[in-house]
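Dear colleague,

I am passing on the two-chain structure we talked about, and would be grateful if you could look through it before we meet. My notes on what was found follow below it.

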Amino acid sequence: MAVTGTDEAPAEPGRRKLITGPGILLVWLYGVMVVGAVSRSAVQISTDFGRAPLAYTLSALAGLVYGFITYSLVRGGERARRAALVCCAAELVGVLGVGAWTLAEPSAFPDATVWSDFGMGYLFIPVLLPVTALYWLRRSRAATRS
Amino acid sequence: MLVALTVATSVAALALAAWCGFAAYRDQPTKDWHFIGMGVVTLLALVQLVVGVVQLARGEDPEQGTTIFVAYLIGSFACVPAAGFMSLAERTRWGSVTVAAGGVVLAVLEVRLYDIWGG
């Protein structure tokens, strides 16, 4: 990837960091969401999966996506940045899709997911986070180029 | 659950959030005084963890389940120190913003703890 130039060195220290400045806040919020979504779905799936299988599976999926994004942000470098970009876009689609779905067809969700009602139960962080992250990750690339 | 302790922890967490938010507003990283503040808030969360476990051991039951209750107790204890360590790695205003966010998250966890215990 000639565009990025300097950060393509294979050695660890050569990786461009994604967690400087505002990035650290993103990592923190994603970390909180990982713990929230993973532990929540783990409890729900292990104790009462039959009650709302769809909702609990979606929460677990959300947890996995959050985990991967957090890992990518911490790892840094161009490939991780792109992977995180793709995941954040998927996350945004997920939040909007599941959010609309829970409003349109509440009967499919006997219990809430992390992404229900666009993440209202989590102070709308689930819908604000991917937007912020997409902005940050795109800006990171712009900064690399200049 | 001691309601007074839950309220005290929430208020302390929000105060910490405001304080670190102010530091961020003034473009400052977290300093020693902030870390002492984090220590105080963490101590409150630790006391709450101990009190919660003692109450469970006495046979009192949280309304929404023991597992969830303990998970939230541990989470609320780990919350501020985790943010504190991240602010050590990021010595700019953004480290302060992270601790402020940690304080807000802790306050939310306290409200949830109160719900889980059943008022």
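Helices (H or I, at least four residues) and strands (E, at least two) are taken as DSSP runs and numbered from the N terminus. On that basis the elements of chain A run α-α-α-α from the N terminus on, which amounts to 4 helices and 0 strands. Chain B likewise holds 4 helices and 0 strands, and its elements, read from the N terminus, run α-α-α-α.

Please keep in mind that this is a predicted model, in which local features need pLDDT of at least 70 and side-chain atom pairs count only at pLDDT 80 or more, while totals for chains, interfaces and linings use all residues. Residues are numbered from 1 along each chain as its sequence is written, and chains are lettered from A and ligands numbered from 1 in the order in which they are written.

I call a residue buried if 20 or more other C-beta atoms lie within 10 Å of its own, exposed if 12 or fewer do, and partly exposed in between, with C-beta atoms placed from the backbone. By this criterion 40% of the 146 residues in chain A are buried, and in chain B the buried share is 44% of 119 residues. Two residues are in contact if their C-beta atoms, placed from the backbone, lie within 7 Å. Among contacts in chain A between residues at least 6 apart in sequence, 67% join residues at least 24 apart; for contacts in chain B with a separation of 6 or more, residues 24 or more positions apart account for 78%.

As to overall form, the C-alpha atoms of chain B fill a box of roughly 50 × 20 × 20 Å along the principal axes.

The UniProt record, an unreviewed entry, lists residues 33-57, 69-88 and 94-114 of chain B as "transmembrane region"; its positions are given in the numbering used here, feature names are shortened, and annotations may be inferred rather than shown by experiment. In the model, residues 33-57 of chain B are 100% helix and 0% strand, with the end C-alpha atoms 36 Å apart, and residues 94-114 of chain B are also 100% helix and 0% strand, with their end C-alpha atoms 30 Å apart.

Helix H3 of chain B (residues 66-89) deserves a separate look. A kink of about 30 degrees lies at Cys79(B), shortly before the proline Pro81(B), where the bend at a residue is the angle between axes fitted to the seven residues ending there and the seven starting there. The buried residues of H3(B), among them Phe69(B), Tyr72(B), Cys79(B) and Val80(B), pack against helix H1 (22-48) of chain A together with helix H2 (32-57) and helix H4 (93-117) of chain B.

Where do the two chains meet? The contact takes 16 residues from chain B and 11 residues from chain A, and on the side of chain B that touches chain A the elements giving two or more residues are H3 and H4 of chain B.

Finally, Thr42(B) sits in helix H2 of chain B and counts as buried because it has 22 C-beta neighbours inside 10 Å. Leaving aside residues up to four places away in sequence, Thr42(B) touches Val80(B) and Pro81(B). Thr42(B) and Ala13(B) are 29 residues apart in sequence and 9.0 Å apart in space, C-alpha to C-alpha.
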